[in-house]
Amino acid sequence: MNRALIIRICVITLAVLLLALLWTFMKEMGDGGKLVFMIFIGLIGGLLAVKFVIPWVGDLMGEAVFSSGERVEQDKMTKAAACIAKGDYTGAIEYYEKMLEDKPDDPFPVAEISKVYAERLRDPQAALKALEEHLQSKDWPVDDAAFIMFRIADIHLTHRHDFETARDMLEQIIGNFPNTRHSANAHHRMSELEQMQYKLLMEQRSKGAATA
């Protein structure tokens, strides 16, 4: 039991005892005194409800809405982040894999696994393998499939500098999800890809001219 809950219980208990004591005195009052007492009780009760009862009920509802499974998932994410912070990348991948076992329909854990492989372990091939196996494991909803495919394209582009394979993946997104925001994003990404490819080509030509 946390400290805030203990304080709320104590305050409510004291309030009940005080009201019981005042009720005893009220029995000896006249009608006017009883009216004033009832108004006083209403004000005090309202203040207590706003200050303690309503937040308490909110906490209880929150506990009901957010299940223990979601708390466990949040705990795994926290532990994975802690592993990354201290350089334990294998440990982080293990926590994300546990999340994936619990929620195989969630593309987030595998995206994080690929990110650790590509950015921390400098192993884009392992990152691509994780993403591609996950993509082929089932028929994904449109948003999830597009999310994974964009991650694949980004790794080909950013970490392998494989412009052609990245372009092929973006073209698949456009072909598979026409007239969607995913298709529009893929077109935009292809424009950026072409600019990056052109810039790299110019740099290479400048270096070649300088060494000639």
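**Helices and salt bridges: a short tour**

Hi everyone, let's start in helix H8, where Arg-167 and Glu-164 both sit, three residues apart, about one turn of the helix. By helix I mean a DSSP run of H or I with at least four residues, and a strand would be an E run of at least two, each numbered from the N terminus.

Before going on, a word on the model. It is a predicted one, so local features need pLDDT of at least 70 and side-chain atom pairs count only at pLDDT 80 or more, while totals for chains, interfaces and linings use all residues. Residues are numbered from 1 along each chain as its sequence is written, and side-chain values use heavy atoms, with hydrogens and water left out.

Back to our pair. The side chains of Arg-167 and Glu-164 meet in a salt bridge, 3.0 Å from N to O. That term means a side-chain nitrogen of Lys or Arg within 4 Å of a carboxyl oxygen of Asp or Glu. Why can such a pair form? Side chains of opposite charge can pair when their charged atoms come close.

Are these two residues buried or exposed? Arg-167 is buried, at 14% relative accessible area, whereas Glu-164 is partly exposed, at 44%. Here buried means under 20% relative accessible area, exposed means over 50%, and partly exposed is in between, using a 1.4 Å probe and protein chains only.

How many salt bridges does the structure hold? There are seven. Another one joins Asp-75 and Lys-79, whose closest N and O atoms are 3.3 Å apart. Because these two are four residues apart in helix H3 (residues 68–85), about one helical turn separates them. Asp-75 is partly exposed at 36%, and Lys-79 is partly exposed at 37%.

Now for helix H9. Its 31 residues (181–211) should span 45 Å at 1.5 Å a residue, and its end C-alpha atoms are 45 Å apart, which agrees. The expected span is 1.5 Å times one less than the number of residues.

Which residues of H9 are buried? They are His-182, Ser-183, Ala-186, Met-190 and Leu-193. What covers them includes helix H7 (142–158) and helix H8 (163–176), where contact means heavy atoms within 4.5 Å.

Glu-192 is partly exposed, at 29%. Finally, Asp-154 joins Arg-189 and Glu-192 in a network of salt bridges.
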